[in-house]
Amino acid sequence: MDLSILAQHLTNGISFGSLYALIAIGYTMVYGILRLINFAHGDIFMMAAYLTVFGIAFNLPWIVAIILVIGMTALVGVLIEKAAYKPLRDAPKMSVMISAIGVSYLLQNLATYLFTGRPMSFPSLPLLTTPMTIGSVTMLPLTIVTPVTTLLLLGVLLFVINRTKLGMAMRAVSRDYETAKLMGVKINQVISYTFAIGSALAAIGAILWGMKYPQVAPTMGVTPGLKCFIAAVVGGIGNVKGAVLGGFILGMVEILLVAFMPSLSGYRDAFAFVMLIVILLVKPTGLLGEKVTEKV
Amino acid sequence: MNDKITISKNKRHLLTLLFFVVALLLIAFANGSVNSYIRRILNLCAIYTILGLSMNLVNGFTGLFSLGQAGFMAIGAYAVAIFTIPIEQRVALYYLEPIHPAIAGIQLPFVVAMLLGGMLAAVVAFLIGAPVLRLRGDYLAIATLGFSEIIRIVFTNLQNITNGALGIKSIPSVTSGTLWWTFSVAILTLVFMRLLIKSSYGRAFKAIREDDIAAEAMGINLFRHKVLSFVIGAFFAGIAGGLYAALLGTVDPKQFYFPLTYNFLLIIVLGGMGSFSGTVIGAFLVTAGLEFLRVMDEPLSIGGMAIPLFRPGLRMVVFSICLMLIVLFYNRGIMGDKEFTWEGILGFPKAVKRKFSRGPAKDGGGKV
Amino acid sequence: MKKLLAILMVLTLALSIFTGCGGGSTGSGAATDTSTDAADTTDGASSDNVIKIGVFEPLTGANAGGGELERQGMELANKLYPEVLGMKVELVVADNKSDKAEATTAVARLIEKDNVVAILGSWGSSLSMAAGDLVQTNQVPAVGASCTNPQVTLGNDYYFRVCFLDPFQGTVMANYATQRLNAQTAVIVQEVSNDYSVGLASFFKSAFVTLTGDEANILDTLNYNTGDQDFSAIITRIQQLNPDVVFAPGNFTESALLIRQAREQGIEIPFIGGDTWETPDFVTVGGEYVEGIVLSTFYDHTNPTTEIGKIFVDEYRAEYGEDPAAVTALGFDAYMLVLDAIERAGSADPVAIRDELAKTVNFEGATGIITIDANGDAEKYEAVIKIVQDGNFVYQDTIEIAQ
């Protein structure tokens, strides 16, 4: 394979990986605080995509639409937490997981009912979606904007987590829930902020995703959601940097798998799961995760 | 609580026997009198009961969060599909890539194929379980879900064994003409499960569910018991898959996409995660209810006025909302972790009388 | 309080079972015993003077787009021609949710509960095949509109179709590629989890190899899964192989994205595909990137070859304000064909209808003249080639295959 083809593959891999990274962050943040796999995260992503479609359909300027969508998605995330997870905070873990699955299922069915199963087309922003050529590689400006955005957002998020009071509260809650509560940390507020941030990031991911793959359907969030969770686990669940790393790795592996072994391209999705299982067996805490001991 | 009635062991056995006779008579009656549409629904209820029971064993009784039933079901379904279609039909069916010579000539009677499916599922479960059952809670869920998907994707790509995406059709429909197959297997499964739970294995499972570290400290071999539960669950899922394939007459990998497992999850949650009787009730309610909620998918007019709310998709929305409400407000399910016992049934009138005679201050400041 | 609510929910579910069990309000009334054969419980005549025809389509799920389009055709036909033999014709819709298990239940319901005399559909050959055994055992004829997989009618006396088959379509596209595009090498991109795609790809492959004489001219076959959205790796591989043409017979949902991404990455190679591309959604999602894309299809609405064809196009435009899709025309034809068979049979008995369907010769449908052959397929010797121009599917060519 010659260099320009390889370069093309790598560019695609990085861009794809950064989309996964954005969504994975949401999973990892929620898990870090609540020890809950938010199965509905992928569907929040899907809702954001639909909201964008409608926003642009109402002729809102892009900037306004983007801000509105991010805000609304964050709101949806917080609402879901309050309605479906908060009541079960003291229930056995399995119940909350089932609730998450239920929310995911409900969102998908709701979208199918409201918007029918026919895929809708995501509006395009010519600024980012007109192809350009750099050297021997052709791509969209979007392909570069995506990883840059991801890294920028990662930076901002790390700043929030490490340098602000809210961030400190988040770290405290994820380290030791009970003690943080006793020390006066406003648990509900922290949890709401976590969901809001995670969902907002998913919304940004949805917008970038929609511009690259402009097809919006009720089930569009299922597979990316699952894979992004795997990415978060691979990187070390509970660790934001880990989620981003996991996202990039998973994206690259998928692209390179098809690139170097095209006959196995049908097994592409299976590989994500294989990676998951390998990591869970070899290093369950993930690449950047820390060991957690179980108290009896 | 101290005027619970007691029944002698012999009387209990007699009652159970009577119950079985009545049940068998009911099934025979239903078999002869319902049309094939209702029969199909009932068959599906029975199959889902088996799946619910298998899942409840692993999730409800042993406390392992497994989402892999769809994959094991697929194994069983394909085993029956591949080995029961008549040999002459195989060439035409596998028109894209000829069937693998090793299996092309093997044709088995339905029962053998079904049991083979169960065994294969059990073997796969053993291979998967050994590494994966060490994981905790949510990780186990995702890992089992992952394996379910891997199985499905592998089936989609193994063109010469499973016919890939083309699927297999014209499976001899042994089960669809009658209720006896599915219901007898369901009853056998139920009986087996009850016996298992009452045995020392069952107690070990429950101990693991309550607190597995304590269980281990008490000398229970965690690994062995977890794997056992998982493997048995997979076996029955495979059997149910075989019945499913025979009922539908056609299989393809897309049917076993992991959301299928959500149906069984709903069944055991609805019925009560530690109760087999609850699972049976849940299976019937969910399967039949889902089918009869179909009316919501069609335009409805009351008194000549069309209500715009009813169009395709509403059925599933209502279904999902029901699921959510049950999980949120009633997450112990209908039966919680109790079973139907003869003491409970015969003592019911007394219990009701007791409740009503105690007066208003009975419940205290309980939850509402 | 919460417990009460939840108990109410459970009771609702239970109640719906009992109301359902008591027999639905429509159709299951007096099961009149007018049928003479030893068949199961179905018989044609419903209690009042209404003939029921089932619409068996995916209205939710992955294939909802296609199913909806076909249903439009059937409903339009029903609106224009609501009577036959002096009786009213009613369409009963059953959604198969793009799922095989649901498909069998939906068909069972149509046959058992609604007592339909014939069934129309489904979009998606695998769904039709799921229904195959049921219609055969219960002796209720089914007419598929656009399901092109040969297995649908093969060995099944009760399934018919009004469209051509995939072996035919594959050959047509191979001919187009070699003759009109002068292609010597090709790459196939198939949706490995979709039997339509896999089947059509294989027929194209064998025809292409026969026409070009060398198996190695198919440079590679690349797979993707239903629902995939990122094709960058596949596209880069295509770039590497540089074939003369790419045949991508997948569903329009993924194909639109595939082509779009290919063009974005600078690939100019022609992409050709099959009938599933001809939907408005293909153009909406693909945008300007699918300009110049070529596909084979059943029907050209700008050039109806029959009187009824013109009526269909005009009525559709009046009703929906846009041009009809090919599968809509086929849905229309499926209905019309069944009506014609009922008339010829002089009765609404499903077995009689079936016999008449099998004898159909030179029936004038919106999509052309239909003659049903021994397998239950419509004899078609030509396919229409269309090209996307200015966001519309424009007629480009007709490919004829001598039979």
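Visitor: What is the strand order in the open sheet of chain C?
Guide: This is a predicted model. In chain C, seven strands form an open sheet in the order β8-β7-β9-β10-β11-β14-β15, and the pairing is mixed.

Visitor: Which are the edge strands?
Guide: They are β8 (218-224) and β15 (392-400) of chain C, each of which pairs on one side only. On average, neighbouring strands of the sheet are turned by 25 degrees against each other, with direction ignored.

Visitor: How many bridges join β14(C) to β15(C)?
Guide: Eight bridges join them, and the two strands run antiparallel. For instance, A383(C) has I399(C) in β15(C) as its bridge partner.

Visitor: Which helix packs on the sheet?
Guide: Helix α8 (residues 252-264) of chain C does, touching β7 (186-191), β8 and β10 (271-273) of chain C. The direction of α8 makes about 170 degrees with that of β10(C).

Visitor: Turning to the contact of chain A with chain C, how many residues does each chain give?
Guide: Chain A gives 30 residues and chain C gives 32 residues. On the side of chain A, α1(A) gives the most, with five residues. By class, that side has 13 nonpolar, 15 polar and two charged residues.

Visitor: And in chain B, at what angle do α6 and α12 cross?
Guide: The axes of α6 (residues 110-132) and α12 (residues 222-248) of chain B cross at roughly 145 degrees and come within 7 Å. The crossing of α6(B) with α12(B) is right-handed. Their contact has 20 nonpolar, six polar and no charged residues.

Terms used:
Residues are numbered from 1 along each chain as its sequence is written. Chains are lettered from A and ligands numbered from 1 in the order in which they are written. This is a predicted model: local features need pLDDT of at least 70, side-chain atom pairs count only at pLDDT 80 or more; totals for chains, interfaces and linings use all residues. Axes are lines fitted to C-alpha atoms, for helices over the stretch in contact, and angles run from 0 to 180 degrees between N-to-C directions. Helices (H or I, at least four residues) and strands (E, at least two) are DSSP runs, numbered from the N terminus. A crossing is left-handed if the near helix is turned anticlockwise from the far one by less than a right angle, and right-handed if clockwise. Ala, Val, Leu, Ile, Met, Phe, Trp, Tyr, Cys and Pro count as nonpolar, Asp, Glu, Lys and Arg as charged, and the others, Gly among them, as polar. Two residues are in contact if their C-beta atoms, placed from the backbone, lie within 7 Å. Two strands pair if DSSP finds at least two bridges between them.
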